[in-house]
Amino acid sequence: MTVTEETTPISHYERIGGAAAVKAAVELFYDKVLADPDLAGYFTDVNMPEQRRHLALMLAVVLGGPNEYAGRGLAEAHQPLNIPVAHYVKVGEHLIATLVELGVPADVIADVHVVLGQVQGQVVSSGNA
């Protein structure tokens, strides 16, 4: 007996529950970030509903979901903020803690961690990399 049908591997996005799971993660993540006195100041003048929507769209792409993000690139959005490495690391820690808290599988979290490493240079101020 042979299998002639090709199966498409399920994406991380689908594995964690799709759009609803990503939205829940973004909400919890920003609750953590906005409660962090070292990070909250970055969001003082930010439209948070729009910010949450942008992150949900970006996180969907990172997880292999639909690519509907049409906002600014990471460097364009973050370089003017002069974000130091220490703050980038804290944001990453909040994201990983959020995913762990929501029961996201370890291999998905590991892949997100890899992406965080890959994009650090686009987010961290060039003088702080």
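This is a predicted model: local features need pLDDT of at least 70, side-chain atom pairs count only at pLDDT 80 or more; totals for chains, interfaces and linings use all residues.
Residues are numbered from 1 along each chain as its sequence is written, and side-chain values use heavy atoms, with hydrogens and water left out. Local features need pLDDT of at least 70, side-chain atom pairs count only at pLDDT 80 or more, and totals for chains, interfaces and linings use all residues.

**Exercise 1.** Work out how helices α2 and α3 are oriented to each other.

*Solution.* 
Step 1: Find the helices, which are DSSP runs (H or I, at least four residues) numbered from the N terminus. Here, α2 covers residues 18–35 and α3 covers residues 48–62.
Step 2: Look at the axes, lines fitted to C-alpha atoms over the stretch in contact, with angles from 0 to 180 degrees between N-to-C directions. They come within 9 Å and cross at roughly 125 degrees.
Step 3: Name the angle. Under 35 degrees is roughly parallel, over 145 roughly antiparallel, 65 to 115 roughly perpendicular and the rest oblique. So α2 and α3 are oblique to each other.
Step 4: Check who touches whom (contact means heavy atoms within 4.5 Å). Among the residues involved are V22, E27 and Y30 of α2, plus R52 and L59 of α3.

**Exercise 2.** Decide whether R52 is buried or exposed, and find its partners.

*Solution.* 
Step 1: R52 sits in helix α3.
Step 2: Buried means under 20% relative accessible area, exposed over 50%, partly exposed in between (1.4 Å probe, protein chains only). At 14% relative accessibility, R52 is therefore buried.
Step 3: Leaving out residues up to four places away in sequence, R52 touches V26, E27, Y30, D31 and L34.
Step 4: Take E27: its C-alpha atom is 7.1 Å from that of R52, though the two are 25 residues apart along the chain.

Definitions and conventions:
Helices (H or I, at least four residues) and strands (E, at least two) are DSSP runs, numbered from the N terminus.
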